[in-house]
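Subject: Structure for you, with notes

Hi,

Here is the structure I promised to pass on.

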Amino acid sequence: MALPLVPYTIVKLCRAFSEKTKPVHCRCTKCSRSGKYRRSIFKRISNFSTYSNLTIVLLWIVMVFLVCYIKQISRESQPFEPFGILGLEPGASESEIKKAYRRLSILYHPDKNPDPEAHNYFVEFISKAYQALTDPISRENFEKYGHPDGRQGFQMGIALPQFLLNIDGASGGILLLGIVGVCILLPLMVAVVYLSRSSKYTGNYVMHQTLSNYYYFMKPSLAPSKVMDVFIKAAEYMEIPVRRSDNEPLQKLFMVVRSELNLDLKNIKQEQAKFWKQHPCLVKTELLIQAQLTRESATLPPVLQSDFKHVLELAPRLLEELMKISIAPRSPHGHGWLRPAIGIVELSQSIIQAVPLSARKAAGGSTDGIAPFLQLPHFSEAVVKKLARKKVRTFQELQDMTMEDRVELLTQAAGFSPSEAQDVESVLEMMPSVTVEITCETEGEEGIQEGDIVTMHAWVSVKRGNGLIGALPHCPHFPFNKEENYWLLLADPNSNSVWMSQKVSFMDEAAAIAAASKAIQEIKEVSGASAREISIAVREAVERVKGGSRLVIGKFQAPMEGTYNLVSYCLCDAWIGCDRKTGLKMKVLKRSRAGTRAIVAEDGPSVDDGIEEEEEEDEEVYDDYESEYSDDQEEEEEKKLGKIANGKGESSSEGSGSDEE
């Protein structure tokens, strides 16, 4: 055990001392006060208690126990050597034995030496050694069994109560019940609980009923402003307890967040009645989420705080599953839906950063409105207006300023203190800058033809001002630790279709290096590259991963002949304003070589026909990445059509006019 354990422990300790622990979370005062990143004794124990560390500790305990046990066994199992005890050579005469005995008696006899250990040694060893060499019976036992007292055996037993060993009478029934309960009923109960839970939840700890609800309510034209209505229909939220004592605080919360609920102000009474007629769990869940978006959670009573944290704890997991359903192949051509996917990511960003959905209304030349400003510490709508007077209207303009100019602007125009301006700088340094390099090609062929298997290669890179690659986002209002996740979507905005999608994480560098090395090696081997070329390509890929890039490879089938203006969306689920769009023009040629043909549904329309039908039915072109939280285009079109049918299509209402303004 020591041969592998000692070197491995030394290597592990050297690594632990050489690695510099770098904080990956935000260091601003707001995040520090939130208490999420304080290293309590439990967090320190959990950081130490990894599988490898616990295995090393366990192996060291076992080895120490074995060393102590072997020492004790070796001491107890020493062979009885009477000549060695008396200090004689084997075959010594009887006179020499008596002389040695008398000599040792002077040293160890109780009358000569009062030490208790000397007395024990004299009785247990010297006397028995002399007896074994002089007494005929003792000598026979020594020669036969190796000890003057005969066979040195031992017995073992189990300390059980006597009634358990008595099978007759009532004790036999008790013993039988115990065996049945422990050996049969207990494992059966554990198995039933496990099977019932596994049949209720998926591998990602999301209920099967939740996935069914999300799949049913998901639509290709789902506007971002309507994603909330689908999100709150999770089965986990339907199990939240609704108490009578919750009625009054929820009524107060409703009055505070009423402007964020997309209610028609002209028919506010009917809209309020319709809202409260929903299932009580849906009402409670939506109000608690709105309390997070509007940062009103501090006003919630203690009875609602536990429900509020439970709703937010489940939110990232449920939003991820909702995202997977939106980009899952649904169309006859095996494509997902782009519009709901963008809305889901935007809702995730708003929940993590605690920013109202209404703040995402496009304004001031920014598609995200003032929402990116509100995720910065100490920022409010009033501060944004002050900066606008200084001609800083977009978040990008604030980021492009030098640090000195930005600090001067915040201290003079916004009235920030130097410490508050420093908090803003630390968050801006933590925000990621994303770049995407993407190519699509047919491996081993020139050009892309109909029905080819197209391979997409994309390098997603993240740069930060503080030098970190993987980091936890600044989100002091979200009560749990949240890792950054990115969704890379290759989509066609004109047809609202997602051709390829993959989730990207920058936290686990070792896994990214292994995946990139394996992918590059397989690609080079297929192309017939030499071992040297493969080694160089793998080394370059590893360096890119260490520098903050992640390799994404996906395959899809080329559509019909034509030119497609695709867009790659790299969407972050935790930061607002850090998403990246990259245009990609793909030209598909007519089939001229033998191989895989394009797959067209037998009963359904072709790709071009499907696109034309969608354009004729919806009359929507998804060619821009904008939020729609302020107004819903579908509702506006329905109202206009209704007014035209009634002969009132010439004018619009004052409310809609104010919205357009």
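Helix α7 covers residues 116-134, and its 19 residues reach 26 Å from first C-alpha to last, close to the 27 Å expected at 1.5 Å a residue. That expected span is 1.5 Å times one less than the number of residues in the helix. Helices here are DSSP runs of H or I with at least four residues, strands are runs of E with at least two, and both are numbered from the N terminus. At Phe-122, α7 bends by about 40°, the bend being the angle between axes fitted to the seven residues ending there and the seven starting there. Phe-122 is also buried, as are Ala-118, Ile-126, Lys-128, Ala-129, Ala-132 and Leu-133 in this helix. By buried I mean under 20% relative accessible area, with exposed being over 50% and partly exposed in between (1.4 Å probe, protein chains only).

Before you go further: this is a predicted model, where local features need pLDDT of at least 70 and side-chain atom pairs count only at pLDDT 80 or more, while totals for chains, interfaces and linings use all residues. Residues are numbered from 1 along each chain as its sequence is written, and side-chain values use heavy atoms, with hydrogens and water left out.

The overall picture

The chain has 28 helices and nine strands. Of its 661 residues, 39% count as buried. The accessible surface comes to about 38400 Å², with 55% of that belonging to carbon and sulfur atoms; areas are from the Shrake-Rupley method with a 1.4 Å probe, and for residues only the protein chains shown count as cover. Taking contacts between residues at least 6 apart in sequence, 69% join residues at least 24 apart (contact means heavy atoms within 4.5 Å).

Around α16

Helix α16 has 14 residues and reaches 20 Å from its first C-alpha to its last, close to the 20 Å expected. Because 13 of those 14 residues are buried, α16 is largely enclosed by the rest of the structure. Just after α16, Arg-295 takes a positive phi of about 60°. Arg-295 sits in the loop between α16 (280-293) and α17 (302-327) and is partly exposed, with a relative accessible area of 30%.

Salt bridges

How many salt bridges does a search of the whole structure find? The count is 16, using a side-chain nitrogen of Lys or Arg within 4 Å of a carboxyl oxygen of Asp or Glu as the criterion.

- Asp-452 and Arg-591 pair up with their closest N and O atoms 2.5 Å apart. The pair links distant parts of the chain, 139 residues apart: Asp-452 is in the loop between β3 (448-449) and β4 (453-463), and Arg-591 in the loop between β9 (580-589) and α26 (607-618). Asp-452 is buried at 6% relative accessible area, and Arg-591 is buried at 15%.
- Glu-346 and Arg-360 have their closest N and O atoms 4.0 Å apart. Glu-346 is in helix α18 (residues 338-353) and Arg-360 in the loop between α18 and α19, 14 residues apart. Glu-346 counts as buried at 0%, and Arg-360 is buried at 0%.
- Arg-243 and Asp-246 come to 3.5 Å between the closest N and O atoms. Arg-243 is partly exposed at 28%, whereas Asp-246 is buried at 0%. Arg-243 and Asp-246 are linked with Lys-284 and Asp-307 in a network of salt bridges.

Two more spots

A nonpolar surface patch of about 820 Å² is made by Met-1, Leu-58, Leu-59, Val-62, Phe-65, Leu-66, Tyr-69, Ile-70 and Ile-73. Patch residues have over 30% relative accessible area and no salt bridge; like charges are joined within 9 Å, and nonpolar side chains (Val, Leu, Ile, Met, Phe, Trp, Tyr) within 5 Å. Leu-59 lies in helix α4 (residues 51-76) and is partly exposed at 34%.

Ser-501 is in strand β6 (residues 497-504) and counts as partly exposed at 25%. Leaving aside neighbours within four places in sequence, Ser-501 is in contact with Ile-327, Leu-488 and Leu-489. Its C-alpha is separated by 8.9 Å from that of Ala-328, 173 residues apart along the chain.

Cheers
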